[in-house]
Amino acid sequence: MKNAIYPGTFDPITNGHLDIINRARLLFDNITVAVTNNPHKAPLFSIEDRIEMIANAITELKCDNVTIDSFEGLLVDYVRRQGAIAIVRGLRATSDFEFEFQMALANRKLAADVVTVFLMPHERYTYLNSTIVKELSRYGAKIEGFVSSFVARKLKEKMKQK
Ligand code: ADP
């Protein structure tokens, strides 16, 4: 079995993330979407909420080789614990490159046998990220096409609470 980990904050999951999951699941036997508990990012949604939104989106994909998890600590340690062979990351524009390159090299230094695979989403998602979606939602702008209707509803509820 060739398993890969797709780590990220997913705050919340967007159609860009889903595009990457869809491409990755054709390459590996199983993809684990692993939500990171990164306190420095001060996420809007709790881990539980983020997992719920990913689960809902994945149900709509109707595939059986995508699982969801969360983790803390070093990514490569988690990858090893899961018996995975690869880390999947999305590359949108050159702006992603510097950071992703550093991360991939650091992870390779720590675990030479774990490969980082970069996948490019459809160009319609090149400028999409969770931060933009949250900003648009904060001001009541339309976010259809960027996130699932379930995520759009969750964002609306969250912004009302704020
Ligand atoms: P992180 O804090 O780990 O960057 P994100 O949820 O922002 O978490 O992103 C997780 C991964 O998904 C990253 O590899 C990122 O480049 C990728 N990603 C985010 N948005 C998109 C998108 N619109 N298209 C393709 N990949 C994306």
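**Ligand pocket, ring pairs and loops**

In this predicted model, a polar side-chain atom of Y6 lies 2.7 Å from an oxygen atom of the ligand. That makes a polar contact, a pair of N or O atoms within 3.5 Å; within protein, one atom must be able to donate a hydrogen and the other to accept it, and residues adjacent in sequence count only if both atoms are side-chain atoms. R89 has an N or O atom of its side chain 3.0 Å from an oxygen atom of the ligand. With G90 it is the backbone that gets involved: one of its N or O atoms is 2.7 Å from a ligand oxygen. On its own the ligand would expose 550 Å², and the protein buries 90% of that. Areas of this kind come from the Shrake-Rupley method with a 1.4 Å probe, and for residues only the protein chains shown count as cover.

A few words on the ground rules. Residues are numbered from 1 along each chain as its sequence is written, and side-chain values use heavy atoms, with hydrogens and water left out. As the model is predicted, local features need pLDDT of at least 70 and side-chain atom pairs count only at pLDDT 80 or more, while totals for chains, interfaces and linings use all residues.

Where does the ligand sit? Its place is the largest pocket. To sit in one, a molecule needs more than half of its atoms within 2 Å of the grid points. The elements that give two or more residues to the shell around the ligand are β1 (3-8), α1 (15-24) and β4 (86-90). Helices (H or I, at least four residues) and strands (E, at least two) are DSSP runs, numbered from the N terminus. There are 16 residues around the ligand, and Y6, T9, K41, G90 and L128 come nearest; a residue is near a molecule or strand if one of its heavy atoms lies within 4 Å of it.

Helix α1 is mostly covered, with eight of its 10 residues buried. Buried means under 20% relative accessible area, exposed over 50%, and partly exposed in between (1.4 Å probe, protein chains only). The buried residues of α1 are N15, G16, H17, L18, D19, I20, I21 and A24. At the start of the helix, T14 has a side-chain oxygen within 3.1 Å of the backbone nitrogen of G16.

At a relative accessible area of 2%, F10 is buried. Another positive phi, near 40 degrees, turns up at A42, which belongs to the loop between β2 (30-36) and α2. A42 counts as exposed, with 60% relative accessibility.

On to the rings, where the structure holds three aromatic pairs. Rings of Phe, Tyr and Trp (its six-membered ring) pair if their centres lie within 6.5 Å; planes under 30 degrees apart count as stacked, over 60 as edge-to-face and the rest as tilted. F71 and Y78 have ring centres 4.6 Å apart and planes at 15 degrees, so this pair is stacked. F71 is buried at 7% relative accessibility, and Y78 is buried with a relative accessible area of 2%. F97 and F101 make a stacked pair because their planes meet at 25 degrees, with the centres 5.0 Å apart. These two are four residues apart in helix α4 (residues 94-110), so about one helical turn separates them. F97 is partly exposed, at 42%, and F101 counts as partly exposed, at 42%.

N65 lies in the loop between α2 (47-61) and β3 (66-71) and is buried, at 13% relative accessible area. Its side chain reaches the backbone oxygen of R25 at 3.2 Å. F150 belongs to helix α6 (residues 149-161) and is buried, at 14%. F150 and A57 are 93 residues apart along the chain, with 8.0 Å between their C-alpha atoms.

Technical notes:
On a 1 Å grid over the protein atoms alone, a cavity is a set of points where a 1.4 Å probe fits but cannot get out, and a pocket is an open set with protein on both sides within 12 Å along at least five of seven lines; lining residues have an atom within 4 Å of a point.
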